[in-house]
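Okay, thanks everyone, I'll keep this short. Have a look at the model on the screen first, and then I'll walk you through the parts I looked at.

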Amino acid sequence: MFTTDKQAMPSASVDGAASKANNNLVTDAGISEGPTESHVLSQVEQDEKGLSQKAGDTAEITDLGWGESPDAIEEPLVAGLSNEDLWMLIRRFDKQVYRVKAIPDAPVQKLDLTRKDDDEFSPDKLRATLERFYITVIVGLTSCIKHIARLRSWKEPRRTAAFCTVYVLSWLLDLLVPTMLASLIALVIYPPCRSFMFPPAPIPLVNKDTGGVQKPKAGILGSGDNITGAPENFKGQTAEQEASNLVAGVASVAVGSAVGKHDQGVPDDAPLEEDVPDAMDIVANTADAQSAAHGKVPTDSHDKTRQPMKESVMDAANYSMQVIGDITDTYEKLGNALSATAPFPRLSPRLRLVTVLGPVCLVSILMSCYVFMKLSTLLIGLAFFGDPVIRRGIGYMNRRLPGWQKLLQLQNSLLKGIPTNAQLAITLLRIGEANAAPIPPPPTSQDKVPSRPASLNQEELTLGATDEEIKQAALVKPDDHAQETQASSEKSHKKTLGSSIVGFFRGTTASGVESKRGIDRLRAAIGSHNAKNRVGVLRTRGKRIRPCGPVAFDARCNGKRGTAIIDSTKEPPLLYFTTDTPQNGDAQLENRKAESVLFTMPVTDIQEMRKIGGMGWKGKLVVGWSLGGKEVVDGLTITGKKPGQLYQLTAMATRNQLFNRLVAIDGQVWASC
């Protein structure tokens with residue numbers, strides 16, 4: 001088990017502590033484990049402390065507000081990061097990471113959650129990748145494009161004139177490239193330059209064509225870090241909904257993603273999987289019907305191109321998913337290098353970037369345009385005609401230095417040790433575990449998002465518009481809002497023949513689902529293992545669950561309702577399941593009756609965790625369509641070191657909370673699958 005003396009690491013040694021992780025591997029039972037830089041930095045003593053870090057002086061688990069209103073937590077949970085930003089990171093971590101495996105050695109970049117080379121493709125994984133790409137890259141590039149539009153519009157004349165003057169002088173003196181590189185270096189090394197050169201403004205409020213003020217697409221400026229500007233209950237919620245709606249509109253191979261196929265992991269015994277048609281098969285059958293209408297015979301025995309082309313499409317989708325994931329990782333790493341979050345070092349990543357940009361800037365000053373063009377065309381010619389030499393050179397390098405190509409990747413060289421948002425989230429979760437104060441889960445709300453405008457400091461906005469123009473663009477007109485509400489109400493009350501037919505089939509389907517649940521309960525009572533795992537997977541939406549952490553989590557195991565408990569008083573900590581309900585936060589295993597404990601295992605023995613869907617993706621579709629007041633409660637499978645050590649927790653509304661505690665509580669190095 002990896003341990004670090006937290007008192008021996010002052011905050012000034014953050015960079016040194018991170019570098020020690022490169023050669024500090026511990027052997028436990030013949031298996032080499034960690035630590036990664038995430039493990040080391042999560043236990044470094046900080047000058048500024050949040051609530052979770054202040055609680056580190058006590059040995060017992062501290063409840064910082066699990067299950068309570070976020071308004072009850074007044075101080076930051078982690079120093080240097082607002083609670084809204086922390087919860088946004090964890091909420092996106094919950095959606096992005098759903099299967100992890102413990103690996104024996106830390107990867108080259110010395111951080112967890114690196115993707116494995118044999119990462120399997122699934123439409124749901126593609127959906128999560130596309131949503132993350134939208135939230136991170138598309139929204140960021142949109143903001144960049146609108147900054148350029150503001151400069152080109154001359155609506156902010158003093159700023160645009162300053163840029164124009166510098167550009168013209170640089171062009172006249174033949175110093176355009178050095179000037180651009182010097183400006184980039186200033187933006188990297190001195191953060192106040194960023195807001196000075198590019199004053200922030202809400203993204204939805206800026207017109208990308210004119211650079212002026214526009215009415216947000218949502219009709220009101222309820223948030224500023226997204227494209228539509230719709231109101232939100234929690235920070236980042238609107239961008240996540242935009243990403244989900246974007247993916248839902250993608251056609252063809254993304255049809256499976258739009259309906260959530262292979263949602264997290266489909267249990268082998270998921271009900272309704274065999275009875276409900278596959279959405280992707282519906283698309284394929286529609287194409288077959290079109291071919292049959294033209295006299296063709298679209299069967300596998302006649303059409304030898306079908307299977308090879310299907311495999312080609314899936315291979316291309318898998319490769320595209322990996323490329324999109326790599327682009328998103330690089331974008332997030334660059335963002336976290338320019339604006340680092342504690343406990344990761346703040347200055348050293350920016351200095352590393354400057355050490356690359358500085359020599360390039362110096363060379364651009366000394367090199368003439370003629371020499372630059374000659375060298376560029378020479379390199380193009382070598383790349384085009386020098387294939388035999390290049391192949392022999394690559395073969396020689398593979399023999400002399402195996403794995404050299406991985407060392408040249410950005411994440412293993414220039415961006416080594418700089419986290420993605422998911423790697424940052426797991427480090428922040430480990431801070432809570434290192435101080436015996438687990439980070440509370442992100443707040444959730446089923447309430448309708450209020451149509452209220454976001455607060456704006458109009459005096460700080462430099463959009464070249466008057467305060468009245470900004471106010472008119474940001475606010476929703478009362479007349480328009482009343483008309484939209486009335487139209488929506490009329491539409492909901494308007495009943496057609498089609499809606500009546502759909503309502504009939506919805507009621508019939510709901511009756512069938514309820515009948516299926518009754519049969520499962522009977523089969524579970526007589527000992528069916530598969531039926532036991534399906535008991536309790538449906539619950540009334542909005543029902544409050546107790547216990548909900550940070551030590552005890554409501555769940556079922558083998559159909560029996562009980563509690564999954566983490567006993568941190570043991571060394572190493574124990575995870576066990578009991579049918580008893582703990583009283584007053586009592587988590588010790590000795591206080592449980594022997595017959596009530598269904599399983600127990602050390603947290604250090606966990607080798608794999610996988611989030612699974614409660615009813616499979618088809619079952620969720622049926623339940624979501626027919627049973628409006630019900631929701632499917634998912635589960636978690638946990639695999640240990642010993643053969644046959646596989647436990648499945650079902651009907652677990654607090655699945656993500658337990659997963660996050662287990663993934664952060666010990667010294668395993670996790671790979672994302």
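Let's start with some rings. Phe577, Phe599 and Tyr647 are joined into a cluster by ring pairs. Keep in mind that this is a predicted model.

Overall, the structure holds five aromatic pairs. Take phenylalanine 384 and phenylalanine 385: that pair is edge-to-face, with 4.7 Å from centre to centre and 70° between the planes. Both phenylalanine 384 and phenylalanine 385 are exposed.

Now back to the cluster. How are the rings of phenylalanine 599 and tyrosine 647 arranged, stacked or edge-to-face? Their centres are 4.1 Å apart and their planes sit at 10°, so this pair is stacked; the cut-off for that is planes under 30 degrees apart. Phenylalanine 599 belongs to strand E9, residues 597–602, and tyrosine 647 to strand E13, residues 646–650, so the pair ties together parts that are 48 residues apart in sequence. And here phenylalanine 599 and tyrosine 647 are both buried.

Lysine 611 has its charged end over the ring of phenylalanine 659, at 4.6 Å from the ring centre.

Okay, zooming out for a second. The chain has 673 residues, and 44% of them are buried. In terms of secondary structure, we're looking at 23 helices and 14 strands.

Last stop, threonine 420. Where does threonine 420 sit? You'll find threonine 420 in the loop between helix H16, which runs 404–407, and helix H17, which runs 421–434. Is threonine 420 buried or exposed? Its relative accessibility is 6%, so threonine 420 counts as buried, given that buried means under 20%.

So what is threonine 420 in contact with, once we leave aside its neighbours within four places in sequence? The list is Arg132, Asp329, Glu332, Lys333 and Asn336.

Technical notes. Residues numbered from 1 in each chain as written. Predicted model: local features only at pLDDT ≥ 70, side-chain atom pairs only at ≥ 80, totals over all residues. Heavy atoms only, no water. Helix = DSSP H or I, 4+ residues; strand = E, 2+ residues; numbered from the N terminus. Buried < 20%, exposed > 50% of the residue type's maximum accessible area, 1.4 Å probe, protein only. Contact = heavy atoms within 4.5 Å. Phe/Tyr/Trp six-rings, centres within 6.5 Å; stacked < 30°, edge-to-face > 60°. Lys NZ or Arg CZ within 6 Å of the ring centre and 35° of its normal.
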